[in-house]
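Hi,

Here is the structure I promised to pass on to you. Please have it open while you read, and my notes on what turned up in it follow just below.

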Amino acid sequence: MQFPEAIRLEELAQLLGLSFLGDPDHQVTGLNEIHRVEKGDLVFVDHPKYYDKALECAATTVLINKEVEVPEGKGLLISDDPFRDYNKLARHYRPNNFSTDLRGKQQAIAASAQIHSTAVIGERVVIGERTVIGAGVVISNDVVIGDDCIIHANTVIGGDAFYYKRRPEGYDKMHTCGGVELGDKVEIGALCTIDRGVSAVTRVGSGSKLDNQVHIGHDTLVGQHCLFAAQVGIAGCVQIEDEVTLWGQVGVPSDLTIGKGAVVLGQSGVTKDLEGGVTYFGSPAEEARHKFRELAMIRKIPELVKKLR
């Protein structure tokens, strides 16, 4: 998420009531989660295991719970609870303004788009030419939908990220301030859910098609011309390259990559990065030919046991 204008490190520290290390005039242009940071962004870190990753990433400002040496060209904000203060900052610049109206006020909707009267459209939403939005669809804040898309009934695009910090009193919710982008000629089936990015965007590339009841988690990037069958579930921060096919009920956990042209057969569970151009099956998903041979051998075990008696 980009700030309306750059803010000085010293001003940001004053806003949050924190101390800082580095040049007071150091410029902060936005905030982002570690997976998607760019130059000018602020990122938070609250565990020693991830200090080095945060301090060495592309972000140029780090909200951290320990005083450490300031990397060249960066600024540090020192907090006893970086998660809390990151949330404060996200809410300050991008509050969730929920409305009982069916239409938000800050929108850019093409005149040729067809939108059912029961659809709900949030703030800062862009809808392209000839796109069709079905009955009961909910499009939350900060969603961009391209040209010639079809969104079927009761789909929700832009739900909050499933991101929590566990505390003694329960789970503390990460404030979602990112968005969703759908390319041109994307079709989303009925009852699908696509979560917004935590602070960047969740993206579905042009020409991709989703069947009914598909879920895509926060900050996942889906390439062009992908095909997902019913009840596919994809966690957050997954990278799915172009022309990937996921058949029914495939599950993909977070932080994995599926290469271009890969095919994952139904009810498979992906547990590691998958190379492109290969067909996979099983849980854990492996190359389908190997998995089928393995299953054939398993079926022969009772017969082999009888022969050994």
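Let me begin with helix H1, which covers residues 9-16; its buried residues are Leu9, Leu12, Ala13 and Leu16. Viewed down the axis of H1, these buried residues fall within an arc of 100°, so they line one face of the helix. After H1 comes glycine 17, with a positive phi near 70°. Please keep in mind throughout that this is a predicted model.

Helix H3 takes in residues 82-93, 12 residues in total. At 1.5 Å a residue H3 should span 16 Å, and its end C-alpha atoms are 17 Å apart, which agrees. The buried residues of H3 are Pro82, Phe83, Asp85, Tyr86, Asn87, Leu89 and Ala90.

Threonine 61 belongs to strand E5, residues 61-64. Is threonine 61 buried or exposed? Its relative accessibility is 0%, so threonine 61 counts as buried. Leaving aside residues up to four places away in sequence, threonine 61 touches Leu9, His26, Gln27, Val28, Asp41, Leu42, Val43, Gly75 and Leu77.

A disulfide is a covalent bond between the sulfur atoms of two cysteines. With a cut-off of 2.5 Å between sulfur atoms, the count comes to zero disulfides. Cysteine 57 is in no disulfide, and the nearest cysteine sulfur, in cysteine 237, is 14 Å away. Cysteine 57 is buried, with a relative accessible area of 15%. What about cysteine 149? Its sulfur is 13 Å from the closest cysteine sulfur, that of cysteine 192, which is too far for a bond. Cysteine 149 is buried too, at 0% relative accessibility.

Last, the pockets. The largest pocket has a volume of about 620 Å³. How many residues line the largest pocket? There are 27, and Glu33, Ile34, His35, Phe44 and Tyr163 lie nearest its centre. Strand E4 (41-45), helix H2 (51-56) and strand E16 (164-167) each supply at least two residues of the lining. The largest share, three residues, comes from E4.

Best wishes

Note on methods. Residues numbered from 1 in each chain as written. Predicted model: local features only at pLDDT ≥ 70, side-chain atom pairs only at ≥ 80, totals over all residues. Heavy atoms only, no water. Buried < 20%, exposed > 50% of the residue type's maximum accessible area, 1.4 Å probe, protein only. Helix = DSSP H or I, 4+ residues; strand = E, 2+ residues; numbered from the N terminus. Contact = heavy atoms within 4.5 Å. Arc of directions from axis to C-beta. Expected span 1.5 Å × (residues − 1). 1 Å grid on protein atoms, 1.4 Å probe; cavity = no way out; pocket = protein on both sides within 12 Å on 5 of 7 lines; lining within 4 Å. Points joined across faces, edges and corners; volume = space filled by probe spheres on them.
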